[in-house]
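Here are a few friendly notes to read alongside the model. They go from the record to the ligand and then to the sheet.

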Amino acid sequence: MADIIDGKAIAEDVVAKVKTQTATLAEHGVTPGLAVVIVGEDPASQVYVASKSRRAKECGFHSVQHSLPAETSEDALVALVEELNADPAIHGILVQLPLPGHIDEARIIQTIDPDKDVDGFHFINVGRLGTGALDSAFVPCTPAGAMLMLERVRGRDLSGLSAVVIGRSNIVGKPMANLLLAANATVTVAHSRTKDLPALAATADILVAAVGRPEMVRGDWVKPGATVIDVGINRIPAPEKGEGKTRLVGDVAFAEAKERAGAITPVPGGVGPMTIAMLMANTLTSAFRTAG
Ligand code: GUN
């Protein structure tokens, strides 16, 4: 039976360190500032944004939230981002995605000052990560959190290990592959057009699932002893809990996979809590950088 990697506990460790260092910065007259921008009323996004703002306050940050109506124009959103770029009290800017269809997401992301881009989505930060310039990059929060969990099991150096990342999104799959490569793993990125995915997955010492398809990765896809990182958060019907009830599952069939894996992240309580913790860590890093 696999070790269960406790994302909640590791996230609490990260947040505890952030709190301590925030207190140190305060002695130098600096308070990390995080601005979170949400456009429209998507219920899932509202839940995420509220927890980001709550965590920021808990860390002792200056936390501001801008909730804009769905019909906000692209130009108005650009103007807000430029205002936040120029605000010395703000060290991190996060524009919650997805944005309404009439707004060009790429334009908004590229408007954010790369040195306040705590999501790590700006081309400059993507380029820093892709060239291994990890000291200056902001790394996207979900893959950064996944790496920290992996580190607990495998250490920092993944030399000689093979990693298969299922999913090629800009937010998770691609940055995850770059981080694994920077840690010396031998990396394969798989996706919906990959042939014989189960056989490929079964070669992985480190298997990362980031596809957004409930329980797609079955137990027999897992190499015995592998470390399995499940990035998926999927809500599925749970009639056993009662009429209309739902439950959260990952991209991995947990009950099957844990019988073969050496270590595995659960859903919920795995990668999810890490994402917000890493956002706090990135914002603190940004404040330290500007404090010199
Ligand atoms: N929507 C889903 N995940 C994320 C994220 O990590 N950052 C932002 N900005 N939006 C998201």
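1. A word on the record before using it: UniProt positions are given in the numbering used here, feature names are shortened, and annotations may be inferred rather than shown by experiment. The model itself is predicted. An unreviewed UniProt entry places the feature "domain: Tetrahydrofolate dehydrogenase/cyclohydrolase catalytic" at residues 5–119. Over that stretch the chain is 50% helix and 16% strand, with its end C-alpha atoms 24 Å apart.

2. Next, the domains. The protein chain is split into domain 1 (31–113) and domain 2 (141–272), and their centres, taken over C-alpha atoms, are 28 Å apart.

3. Where does the ligand lie relative to domain 1 and domain 2? Both domains give residues to the shell around the ligand, so it lies between them. That shell consists of Leu94, Val95, Gln96, Leu97, Asp119, Cys141, Thr142 and Ile171. Two elements, β4 (92–95) and α6 (141–154), each give two or more residues to it. By type, the shell has 5 nonpolar residues, 2 polar and 1 charged.

4. Now the sheet. Six strands form an open sheet with parallel pairing, in the order β1-β11-β8-β7-β5-β6. β1 (3–4) and β6 (186–190) are at the edges with a single partner strand each, so one side of each has no neighbour in the sheet. α6 packs on this sheet, where α6 touches β7 (206–209), β8 (227–230) and β11 (263–264); the direction of α6 makes about 160° with that of β8.

5. β5 (residues 162–166) pairs with β6 in the parallel sense over 5 bridges, and Ile166 stands opposite Ala190 in β6. Helix α7 (residues 173–182) lies across β5, β6 and β7, at about 170° to β6.

Methods: Residues are numbered from 1 along each chain as its sequence is written. This is a predicted model: local features need pLDDT of at least 70, side-chain atom pairs count only at pLDDT 80 or more; totals for chains, interfaces and linings use all residues. Helices (H or I, at least four residues) and strands (E, at least two) are DSSP runs, numbered from the N terminus. A residue is near a molecule or strand if its C-beta atom, placed from the backbone, lies within 6 Å of it. Ala, Val, Leu, Ile, Met, Phe, Trp, Tyr, Cys and Pro count as nonpolar, Asp, Glu, Lys and Arg as charged, and the others, Gly among them, as polar. Domain bounds come from an automatic or database domain assignment. Two strands pair if DSSP finds at least two bridges between them. Two residues are in contact if their C-beta atoms, placed from the backbone, lie within 7 Å. Axes are lines fitted to C-alpha atoms, for helices over the stretch in contact, and angles run from 0 to 180 degrees between N-to-C directions.
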